[in-house]
Amino acid sequence: MPTLILVRHGRSTANTAGVLAGWTPGVTLDERGARQAAELPARLARLPLAAAVSSPLQRCQETLAPLLAARPGLRLHTDDRIGECHYGDWSGRKLKELSDEPLMAVVQQHPSAAAFPGGESLRAMQARAVDAVREWNARIEAEHGSDAIYLMCSHGDIIKSLVADALGLHLDLFQRISVEPCSVTAIRYTELRPYLVRLGDTGDFGGLEPRPDASDDAAGGPRGPEAPVGGGAGAP
């Protein structure tokens with residue numbers, strides 16, 4: 001079966017503002033995110049991509065624009081099922097503000113039981129994303145063969161939930177996974193089980209550097225006591 005390259009969108013204006021974007025319209029890549037997107041074609045240059053599939057949200061479409069420009073023959077498909085989690089009433093709110101919500105403890109410690117007010121549950125989010133991957137795997141294999149490689153550009157929580165599924169982890173453990181903006185994760189699917197062959201690869205170790213303000217990371221960085229909902233802003 002095919003190999004799936006998962007790319008999280010580049011750093012967005014919501015990431016740097018510490019806002020949980022969800023499906024809020026008008027969220028674009030910031031300057032760093034645009035640079036990350038511009039570097040993506042070179043990072044993936046050796047991979048013969050059979051297709052590209054994207055979340056419909058603007059930050060994902062912008063992330064893939066340089067790659068598509070560099071590969072005129074690469075066809076882009078859009079799939080709502082790999083769009084961001086529907087955070088409902090939490091969308092557009094500051095992450096620091098949301099940390100005081102009682103539901104946040106459930107999101108962190110028992111996410112399989114978490115449902116966002118006016119939105120969807122994390123369990124439903126994972127189910128639709130996994131269904132999308134399974135269907136795309138079958139389609140890509142039928143059209144391009146079992147050794148094909150294809151790409152999906154999606155969001156932090158979606159990618160973390162797909163990694164958890166590939167590893168056979170319960171959804172309650174998916175907050176232990178971290179994927180930075182424009183990171184590359186690769187999953188090789190076989191008939192019997194998937195293999196995680198890359199996880200959150202950015203080629204940059206800046207995200208591992210100590211942060212003097214790690215305990216008060218407004219942008220939802222991964223070095224605080226909890227996992228950043230939505231995926232965080234990555235290295236400073």
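This is a predicted model: local features need pLDDT of at least 70, side-chain atom pairs count only at pLDDT 80 or more; totals for chains, interfaces and linings use all residues.
Trainee: Where does Leu-169 have its place?

Mentor: Leu-169 sits in the loop between α7 (156–167) and β5 (184–189). Residues are numbered from 1 along each chain as its sequence is written, and side-chain values use heavy atoms, with hydrogens and water left out.

Trainee: Is Leu-169 buried, exposed or partly exposed?

Mentor: Buried means under 20% relative accessible area, exposed means over 50%, and partly exposed lies in between (1.4 Å probe, protein chains only). Leu-169 has 31% relative accessibility, so it counts as partly exposed. If you skip its neighbours within four places in sequence, Leu-169 is in contact (heavy atoms within 4.5 Å) with Ala-164 and Ile-177.

Trainee: And the chain as a whole, how many helices and strands does it have?

Mentor: You can count seven helices and six strands. Walk along the sequence and the pattern reads β-α-α-β-α-β-α-α-α-β-α-β-β. Of the 236 residues, 51% are buried. Among contacts with a separation of 6 or more, 71% link residues 24 or more positions apart.

Trainee: How do I read the sheet, and in which order do its strands lie?

Mentor: Two strands pair if DSSP finds at least two bridges between them. Here six strands make an open sheet with mixed pairing, in the order β3-β2-β4-β1-β5-β6. The edges are β3 (76–78) and β6 (194–201), each of which pairs on one side only. On average, neighbouring strands are turned by 20 degrees against each other, direction ignored.

Trainee: Which way do β2 and β3 run, parallel or antiparallel?

Mentor: Parallel: three bridges join β2 (residues 49–54) to β3. To find that pairing on screen, look for Ser-54, whose bridge partner in β3 is Thr-78.

Trainee: What about β5, is it mostly covered or uncovered?

Mentor: Side chains in a regular strand alternate between the two faces of the sheet. Of the six residues in β5, five are buried, so call it mostly covered. β5 has five bridges to β1 (residues 3–8), and those two strands run antiparallel; Ile-5 stands opposite Ala-186 there. Another five bridges join β5 to β6, also antiparallel, with Val-184 opposite Asp-201. Between β5 and β6 you will find a hairpin of four residues.

Trainee: Now a helix. Which residues of α5 are buried?

Mentor: An α-helix has 3.6 residues a turn, so residues three or four places apart point the same way. In α5 (residues 102–109), the buried ones are Leu-103, Met-104, Val-107 and Gln-108. Seen down the axis of α5, they fall within an arc of 140 degrees, so they line one face of the helix; the arc is taken from the directions from the helix axis to the C-beta atoms. The face turned away from that buried side carries the exposed residues Pro-102 and Gln-109. The buried residues pack against α4 (95–98) and α6 (122–144).

Trainee: Since α6 came up, is its Arg-128 buried or exposed?

Mentor: Arg-128, in helix α6, has 14% relative accessibility and so counts as buried. Beyond its neighbours within four places in sequence, the contacts of Arg-128 are Asp-80, Arg-81, Ile-82, Gly-83, Glu-84, Cys-85, His-86, Glu-120 and Ile-158.

Trainee: Last one: how many disulfides does the structure hold?

Mentor: A disulfide is a covalent bond between the sulfur atoms of two cysteines. The cut-off used is a pair of cysteine sulfur atoms within 2.5 Å, and the structure holds zero. Take Cys-60: the closest cysteine sulfur, in Cys-153, is 4.0 Å from its own, too far for a bond. Both residues are buried: Cys-60 has a relative accessible area of 0%, and Cys-153 has 0% relative accessibility.

Notes:
Axes are lines fitted to C-alpha atoms, for helices over the stretch in contact, and angles run from 0 to 180 degrees between N-to-C directions.
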